[in-house]
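Open the model in your viewer and keep a selection panel handy. We will go from one stop to the next, and at each one you get something to select and something to look for.

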Amino acid sequence: MMWDNFIWFSTASMLLWILGVASLYMNKKSALTGNILISAGLALFLTFIFLLWGDLKHPPLRTMGETRLWYSFFITLVGFVTWLRWRYKWLAGYSVLVSGVFIMVNLLKPEIHFTNLMPALQSVWFVPHVTVYILSYAMFGAATIASFIAIRELKHKSERLMPLIDNLTYIGLGFLMTGMLLGAIWAKEAWGDYWTWDPKEVWAFITAAVYLIYIHARTQKYPLRIILWILPLAFVMLMITWLGVNYLPAAQGSIHVY
Amino acid sequence: MAGKGKREQKIAIEAVIVAAIAVAGVALQIFAGGFKRELLAFPVNLILVISIPVLLIIFKGASRHLASGSLSVILISVATVIALYMGLVPGNSAKSSWPFVLIYLALLINLTASVLTRLRTFRFRKDISFMLNHVGLLILLFSAGPGSADKARYFMRVFEGKVEWRAEMSGGSGKGETIELPVAISLEDFEMDEYPPKLAIIERMTGIALPEKKPIYFEATLNAAATIKSNSLTVDSVLYKPGFAPAAYVKVVDNTTNKITEGWVSCGNYFQHFKTLNLDSIYCVAMTFPEPKEFRSKVEIYSKSGKVKNGVVKVNHPLTIGGWKIYQHSYDSARGRDSVWSLFELVYDPWIIPAYIGMIMLIIGAITLFWKGGRS
Ligand code: HEM
């Protein structure tokens, strides 16, 4: 079983990422070593995902443990790319930390007990739907971290993080909307309706709506000390959509609970 | 400062109006009962779709107020609160309640007004992202909301070799009613592919599979082998003929005593009893039911207007005929692959094309958010 090797791959990747971020902080002159180390960690982690894919004979996107795997990968990737684009070292560091949390969860509670793919999941929409969603989660995760720092910095009248936060939220919302719409098109093909207010859909709607409130409140130039709290709130909704829906009393009988 | 006070006043007025709408919704809900979707059935929905923009164009002054961005924030917030109620309270019917319907309507008006306002000063590079997102959403909301009143869903059960025109309504007010549809299905064949059934060693009394914390299930295919708690299992032959339950001839060697046990194991089906292989007084080898991998119906479909179509319907692959989509729903699960009938769901949604157009515009609009970022 490929999963048994996860501990080796993840520990090695984690080590490369930590060394890479440390190198970014220590070596002020050149970021080359740090960038190479982080990229190597990403490549190694992705290798594991593809080996697992080959082993399962279907993309590892179905169980909770499998989607957490992608999240661990993408959150680090997002942190790394934002570092390359906007030079925020701390975001690279934080995203490695968050990734580490999800790796730990996967090591302690893998939740990977399915191998047979049920007919409803055998669809061309399945992979893009879930991947795009996870990408949006990674963006919003980074935006949430940044929002906490921005809230603290408001005391010093600094708004330096606002362009970053807005960018991450716009991109995250772009992915979220795409993921939702791909899901809707898929639902029409699989169940005959593109939207039925199924519990998972209700929570996906809530999540998107709270991010929409942030974006529209920003265009209205509302005070930051209020607006910035919308992002952590939205992220809580996102976590409920992703991890919590199955446990809610209102969700018993949802088509999304497998 | 005066400007700021004025803005706050405007927001306060908008909040009061939205609150009044919500309260009116609650009152209607209490006194008139739940919202009946049929109220919006064609042509009411079409009149609504046309009259909202037309009225907003005629009443330009009102339209300017209704296009307010702060009003959008309030309305989306209230919609979110209603959705939270939907998501938290078990068994609620908020989606067909008056408050929800009225807020939905207010959102439609607000959105139409802001699109019309933006259209007056439209410049491609500056406004295309806004237009794709908001016009796309508007079209989608019109189709999914008022448009859904024209939607109909039916279940149709068809036996192999038979033709069926009658179906049972699967939702709405007429749920359970049987009527004759303008489409018919002739089922030539129902087929199913299955994953191989699995073998495990279980405790006979409790059914718990070994090893207790991390049970091993292995596929009952020819020559498959597994070691479970010092027992080596091999599958020497497999039998699975149409109409019969799957069976596997299993040989088990106890590695500590070298005792060999062998025999047939089967999960059974609707007329054959299951069969296990006892290893001792506590444990036995048992087989799970095969899980469906794919099921499909070979059909010929007809419409009253004379169209005929041949094809295969399976999960995720519906067939379309004259505005109807035909879905593989289920089969006789007691018989599994030997089912002699297939249950189809037939869906009629005349607003599906605009809904798709709205969704595609929204997807392109979402992509524009990537390069646009937070700069407006
Ligand atoms: C119920 C739905 C919605 C309503 C009522 C609404 C309303 C509005 C209004 C009135 C504005 C103009 C704000 C201003 O410029 O002052 C606006 C801007 C904006 N909306 Fe929406 N909107 C809705 C949904 C969406 C959705 C689904 C998206 C994206 C996926 C979106 C993204 C944006 C963006 C990015 C802007 C700023 C655009 C720009 O300034 O170019 N909105 N919205």
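How many residues does the contact take from chain B, and how many from chain A? The contact takes 53 residues from chain B and 48 residues from chain A, where contact means heavy atoms within 4.5 Å. Before going further, please note that this is a predicted model, in which local features need pLDDT of at least 70 and side-chain atom pairs count only at pLDDT 80 or more, while totals for chains, interfaces and linings use all residues. Residues are numbered from 1 along each chain as its sequence is written, chains are lettered from A and ligands numbered from 1 in the order in which they are written, and side-chain values use heavy atoms, with hydrogens and water left out.

**Stop 1: where the chains meet**

Color the two chains separately and turn to their interface. Chain B and chain A bury about 4,300 Å² between them, with 64% of it on carbon and sulfur atoms; buried area is the accessible area (1.4 Å probe) that two parts lose on being put together, summed over both. Three salt bridges are counted between chain B and chain A, a salt bridge being a side-chain nitrogen of Lys or Arg within 4 Å of a carboxyl oxygen of Asp or Glu. To see a salt bridge, select B:R153 and A:D193, whose closest N and O atoms are 3.3 Å apart.

Now show the chain B side of the contact. Elements of chain B that each supply at least two residues to the side touching chain A include helix 1 (2–32), helix 4 (69–88), helix 6 (124–144) and helix 7 (352–372). Helices (H or I, at least four residues) and strands (E, at least two) are DSSP runs, numbered from the N terminus. Helix 4 of chain B gives the largest share of this side, twelve residues. Sorted by class, the side of chain B that touches chain A holds 29 nonpolar, eleven polar and 13 charged residues. Here Ala, Val, Leu, Ile, Met, Phe, Trp, Tyr, Cys and Pro count as nonpolar, Asp, Glu, Lys and Arg as charged, and the others, Gly among them, as polar.

**Stop 2: the ligand**

Center the view on the ligand, which lies between chains A and B. It is surrounded by 22 residues, the closest being A:H216, B:S72, B:N110, B:R118 and B:H134; a residue is taken as near if one of its heavy atoms lies within 4 Å of the molecule.

- A:H216 places a polar side-chain atom 2.6 Å from a nitrogen atom of the ligand.
- B:H134 has a side-chain N or O atom 2.7 Å from a nitrogen atom of the ligand.
- B:R118 has a side-chain N or O atom 2.9 Å from an oxygen atom of the ligand.

Two helices of chain A, helix 6 (162–191) and helix 7 (199–219), are among the elements that give two or more residues to the shell around the ligand. The largest share, five residues, comes from helix 5 of chain B. By class, the shell has ten nonpolar, ten polar and two charged residues.

**Stop 3: inside chain A**

About 2,100 Å² is buried between domain 1 and domain 2 of chain A, and carbon and sulfur atoms give 84% of it. Select A:L61, A:Y71 and A:W90, which supply 26% of the area that domain 1 of chain A buries against domain 2, more than any other three residues. No salt bridges are counted between these domains: the number is zero.

Next, pick A:R218 and A:D166, a salt bridge with its closest N and O atoms 2.7 Å apart. A:R218 is in helix 7 of chain A and A:D166 in helix 6 of chain A, 52 residues apart.

**Stop 4: backbone details**

Which kind of peptide bond runs from B:F42 to B:P43? That bond is cis, with omega near 5°, and B:P43 lies in the loop between helix 1 and helix 2 (44–58) of chain B. The bond from B:L210 to B:P211 is also cis, with omega near -20°.

Finally, select A:W197, in the loop between helix 6 and helix 7 of chain A. Its phi is near 55°, a positive value in a residue other than glycine.

Terms used:
A polar contact is a pair of N or O atoms within 3.5 Å; within protein, one must be able to donate a hydrogen and the other to accept it, and residues adjacent in sequence count only if both atoms are side-chain atoms.
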